[in-house]
Every structure is written in C-alpha cells, then in structure tokens.
Amino acid sequence: MEYNGHKPIYLQNADMIQEKIVRGEWPEEERIPSVRELGASVGVNPNTIVRSYQLLESQDIIYNKRGMGYYVKGGAVARIKENVKREFIANELPWFKAKAEMLGISKQELIELL
C-alpha cells in the first residue's frame, strides 16, 4: 500500500479496511486478517495495525473474539457509509462548494456534470 504523508498511517489503514468492508471483500460477521497478517501484507509494523483495529473497534465496525481474532461487526457497512457521508458533508463539501463558486460553476452545470 502507498501511504501519503498528510495523514497518519494508522488512519490510512483504517480507511483501507473500511473500503474492503464496504466493497464486500471482508463480509460482515467474517474474520479479518490478524494484526500480524495485515501488517505483513501492507508493510507496516503490527503495532500500527493494532492502533487501526482499536480505532475501528471503538467505532463499532469490528470486534475481537478472544483467542479467535477480529471480525467485521453486523451492520458495519451501514455505519461506515453513514460516518463517511457525515465526514464528507462536514469537511469536503464546503471546500468543493467554495471552489465551484470561485470558478463560477453554476449549480446547473454541477448537476449536469454529476
């Protein structure tokens, strides 16, 4: 995985995990790779993956079955979509709107482009 320097690696990993869940690569109620497995596959220290998993666990996206590993929680796809939607509306949409206004792009042009 290629990382950018603008966002902590553990957050980039959490985003990647959520994408896999939403795309159905890691289905709800199914086991996901162990900390070591995922760390090795993306080329980061397992402690970084632990931090990503802890974040997702606190967001009710995954859960730990003691001795068996981490699993995708039921309803995770809906929670992820709602979280990402809320973040998009709060952070990216205002920037996009301001940029479109600055460039003189009308609402009608945006609708046609979208």
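Author: Begin with contact, which means heavy atoms within 4.5 Å. This is a predicted model, where local features need pLDDT of at least 70, side-chain atom pairs count only at pLDDT 80 or more, and totals for chains, interfaces and linings use all residues. Residues are numbered from 1 along each chain as its sequence is written, and side-chain values use heavy atoms, with hydrogens and water left out.

Reader: Which residues does Gln 12 touch, not counting residues up to four places away in sequence?

Author: Gln 12 touches Met 1, Glu 2, Tyr 3, Asn 4 and Lys 7.

Reader: Where does Gln 12 lie?

Author: First, the term. Helices (H or I, at least four residues) and strands (E, at least two) are DSSP runs, numbered from the N terminus. Gln 12 lies in helix H1.

Reader: Is Gln 12 buried or exposed?

Author: Buried means under 20% relative accessible area, exposed over 50%, and partly exposed in between, with a 1.4 Å probe and protein chains only. Gln 12 has 7% relative accessibility, so it counts as buried.

Reader: What about Gln 18?

Author: Gln 18 is also a residue of helix H1. Its relative accessibility is 11%, so Gln 18 counts as buried. Leave aside neighbours within four places in sequence, and Gln 18 is in contact with Leu 56, Gln 59, Ile 61 and Ile 80.

Reader: How many helices and strands does the protein chain have?

Author: Five helices and two strands. Along the sequence they follow the pattern α-α-α-β-β-α-α.

Reader: What share of the 114 residues is buried?

Author: Buried residues make up 26%. As for contacts with a separation of 6 or more, residues 24 or more positions apart account for 50% of them.

Reader: How do I look for pockets?

Author: Rolling a probe the size of a water molecule over the atoms shows where empty space is left. On a 1 Å grid over the protein atoms alone, a cavity is a set of points where a 1.4 Å probe fits but cannot get out; a pocket is an open set with protein on both sides within 12 Å along at least five of seven lines, and lining residues have an atom within 4 Å of a point. Volume is the space filled by probe spheres set on the points, which are joined across faces, edges and corners. Here the largest pocket has a volume of about 380 Å³. Its lining has 16 residues, and the closest to its centre are Lys 7, Asp 15, Gln 18, Val 84 and Glu 87.

Reader: Which elements give two or more residues to that lining?

Author: Helix H1 (9-22) and helix H4 (76-102). H4 gives the largest share, seven residues.

Reader: Where is Glu 29, and what is its phi?

Author: Glu 29 lies in the loop between H1 and helix H2 (35-42). Its phi is near 65°, a positive value in a residue other than glycine. Glu 29 is partly exposed, at 42% relative accessible area.
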